[in-house]
Amino acid sequence: MKIMEKLSAINGTQSGATPEQDLYLAVLRQAVIDIKRFRRAVEADEAWSFLTSARGNWARARSDICEAAGVDPDWVRRLAVDHLADPAELRRDAREKQNRKRSKASALPTSIVTR
């Protein structure tokens, strides 16, 4: 089951969830969407930090949101780490791939490159 399905399933497992709990669960789901949608933006990095930081302000914020939503913040963190890719790593991998392509192109004889 994917992370969004797991987070969405929480609503169904909590009988009598309050509107506030639904709101806080929506915050968690939005963080996942931000990571997937904004891989090259600050929003993705902030969402990643919010979901995966082990300590500090982001971890406290996640803990507060999860507590209000009625879910375990460590479970949410493990879910994110297991099912999402760090957007900064994705950008780094893309840059490395592009640099390898450039290196290969610069290693080709000039006659091949200019054609």
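**Rings, helices and surface**

Student: Does Trp58 count as buried, partly exposed or exposed?
Tutor: Start with the scale: buried means under 20% relative accessible area, exposed means over 50%, and partly exposed lies in between (1.4 Å probe, protein chains only). Trp58 has 37% relative accessibility, so it counts as partly exposed.

Student: Good to know! What pLDDT do local features need in this model?
Tutor: Residues are numbered from 1 along each chain as its sequence is written, and side-chain values use heavy atoms, leaving out hydrogens and water. The model is predicted: totals for chains, interfaces and linings use all residues, side-chain atom pairs count only at pLDDT 80 or more, and local features need pLDDT of at least 70.

Student: Which residue forms an aromatic pair with Trp58?
Tutor: Rings of Phe, Tyr and Trp (its six-membered ring) pair if their centres lie within 6.5 Å; planes under 30 degrees apart are stacked, over 60 edge-to-face, and the rest tilted. The structure holds 1 aromatic pair. This pair is edge-to-face, with 6.4 Å centre to centre and 75° between the planes, and the partner of Trp58 is Phe50.

Student: And is Phe50 buried or exposed?
Tutor: Phe50 has a relative accessibility of 8%. That value is why Phe50 counts as buried.

Student: How many helices does the protein chain have?
Tutor: Helices (H or I, at least four residues) and strands (E, at least two) are DSSP runs, numbered from the N terminus. From that end, the elements run α-α-α-α-α-α-α. The chain has 0 strands, and its helices come to 7.

Student: At roughly what angle do α3 and α6 cross?
Tutor: Two packed helices are described by the angle between their axes and the distance between the axes. The axes of α3 (residues 42-52) and α6 (residues 87-107) come within 8 Å and cross at roughly 130°.

Student: Which residues of α6 meet α3?
Tutor: Contact means heavy atoms within 4.5 Å. On the α3 side there are Ala44, Asp45 and Trp48, and they meet α6 at Pro87, Ala88 and Arg91.

Student: Now Asp82: how far is it from Lys2 in space?
Tutor: Asp82 sits in helix α5 (residues 73-83). At 60% relative accessibility, Asp82 counts as exposed. Asp82 and Lys2 are 80 residues apart in sequence, while their C-alpha to C-alpha distance is 9.9 Å.

Student: Last one: what percentage of the chain's residues count as buried?
Tutor: The chain has 115 residues. Of these, the share that counts as buried is 29%.

Terms used:
Axes are lines fitted to C-alpha atoms, for helices over the stretch in contact, and angles run from 0 to 180 degrees between N-to-C directions.
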